[in-house]
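Colleague: I would like to learn how to read ligand surroundings and helix packing in a model of this kind. Could we go through them one feature at a time?

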Amino acid sequence: MHNPTTASSGVAHAAGFAVTGRADTPPMGWNSWNKFAGDIDEDLIKQTADGIVAEGLDQLGYEYVNIDDCWMAPERDADGNLRPAPDRFPGGIAALADYVHAKGLKLGIYSSAGTCTCEGLPASLDHEVQDASAFASWGVDFLKYDNCHDEGRPARERYQAMGKALAATGREIVFSICSWGLGEPWIFGPEVGGSLWRTTPDIADSWDSVMEILDQQAGLEKYSFQGGWNDPDMLEVGNGGMTGTEYRAHFSLWALLNAPLLLGHDVRAMDSDTKKILSNREVIAVNQDWGGSQGRRMAVDGDREVWAKPMSDGSAAVVLLNRGEATRTVTTDTATIGLDGSGTYALKDLWSGEQSTTSGEISASVPPHGVVMCRAWHSRVPGRRSEVS
Ligand code: GLA
């Protein structure tokens, strides 16, 4: 039988606290909320699982199919159990989990560390053991645990109760803390068994929202570790509120931040531009790699910013960001992005595929509300250059 204590060894998880499922890389998948809000049913979930496989997104690492708020009936049953809304989830969650698992995917579910969810449906405060054991018995793999209707009780205590209850089930369930940054989840999250924690309020499908959230990530980089991820919220790529350039920037930045990559659009009706953004293997590889730190802001010059992260092979990923309204040249150098700054570097633009070399300077013309994302390898390190493919 699975032992939740030995299966969970995130380096910064609190000693002695049994962690539930682990997420050694930032979780990738889909969540219903950004596109569908409360308008969800089991057909949508099944069709999304079908779509993830049909579009080959599973082959890129997108594996979680996460049901957000509004899956539950307005009342618990006579025994106090949460139950799915009978009209929209008539087959029940266990059957849905079977369906999703048969596709090689994993099922996520949602509740709140409060008396009700944000949409006013029954939630798990003071029902943690009963609800966690229901989730486990249904075959759920991931729990997003929200923060509405908290009765004024401390976040750490409320999230700890669910973290313990999940670990006690013996099933590996990734625990996603959604306190919107309240109560410093980057501190208490790892201590209560969380694998990821929302750092900020809800994202919206707009450039301003993406930039506002981005600003709030600066400084949080010291709290993430392999198995414990800062979560700047789910992706909006493909939902129609931003341009392709803006969506590419959103995806590039989230990748650099080692953020969970949870798709938030209608996978069943994905256009080719959206698919192209979400399928960039080299950008995804930056997201899934742990080189000792998530991406961080390295330099700011007005609307021009440089964000970078170390890669485990000794290279560095860099995002040159232009927040302004006109095309600008954004310039940095290898020392600023954390490389030793001497010698020759091979550079690859991860969106255009263009390759070049530099003795230090990294500079590109960046469109308004856009990024250029590159990876730089030190040419003198044997084997490194060949990784530019
Ligand atoms: C909160 C969360 C969102 C979503 C909704 C559902 O606002 O932050 O991500 O889960 O609740 O009601």
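Colleague: How many residues surround the ligand, and which are the closest?

Modeller: A residue is taken as near a molecule if one of its heavy atoms lies within 4 Å of it. Here 13 residues surround the ligand, and the closest are Asp68, Asp69, Lys144, Asp146 and Asp202. This is a predicted model, in which local features need pLDDT of at least 70 and side-chain atom pairs count only at pLDDT 80 or more, while totals for chains, interfaces and linings use all residues. Residues are numbered from 1 along each chain as its sequence is written, and side-chain values use heavy atoms, with hydrogens and water left out.

Colleague: Which polar side-chain atom lies 2.6 Å from an oxygen atom of the ligand?

Modeller: A polar contact is a pair of N or O atoms within 3.5 Å. One such atom, in the side chain of Asp68, lies 2.6 Å from a ligand oxygen; for Lys144, a side-chain N or O atom is 2.7 Å from an oxygen atom of the ligand, and for Trp180 the distance from a polar side-chain atom to a ligand oxygen is 3.0 Å.

Colleague: How should I read a pair of packed helices?

Modeller: Two packed helices are described by the angle between their axes and the distance between the axes. Helices are DSSP runs (H or I, at least four residues), numbered from the N terminus, and their axes are lines fitted to C-alpha atoms over the stretch in contact, with angles running from 0 to 180 degrees between N-to-C directions. The axes of helix H4 (residues 128–138) and helix H5 (residues 155–169) come within 8 Å and cross at roughly 45°. H4 and H5 are therefore oblique to each other, given that angles under 35 degrees count as roughly parallel, over 145 as roughly antiparallel, 65 to 115 as roughly perpendicular and the rest as oblique.

Colleague: At what angle do the axes of H7 and H8 cross?

Modeller: Helix H7 (residues 207–217) and helix H8 (residues 244–256) have axes that cross at roughly 20° and come within 10 Å, and H7 and H8 are therefore roughly parallel to each other. Contact means heavy atoms within 4.5 Å, and it is made by Trp207, Val210, Met211, Ile213 and Leu214 of H7 with Glu246, Ala249, His250, Leu253 and Trp254 of H8.

Colleague: Which residues of H8 meet H10?

Modeller: They are Phe251, Ser252, Trp254, Ala255 and Leu256, which meet Val283, Ile284, Val286 and Asn287 in H10. The axes of H8 and helix H10 (residues 281–288) come within 7 Å and cross at roughly 35°.

Conventions. Helices (H or I, at least four residues) and strands (E, at least two) are DSSP runs, numbered from the N terminus. A polar contact is a pair of N or O atoms within 3.5 Å; within protein, one must be able to donate a hydrogen and the other to accept it, and residues adjacent in sequence count only if both atoms are side-chain atoms.
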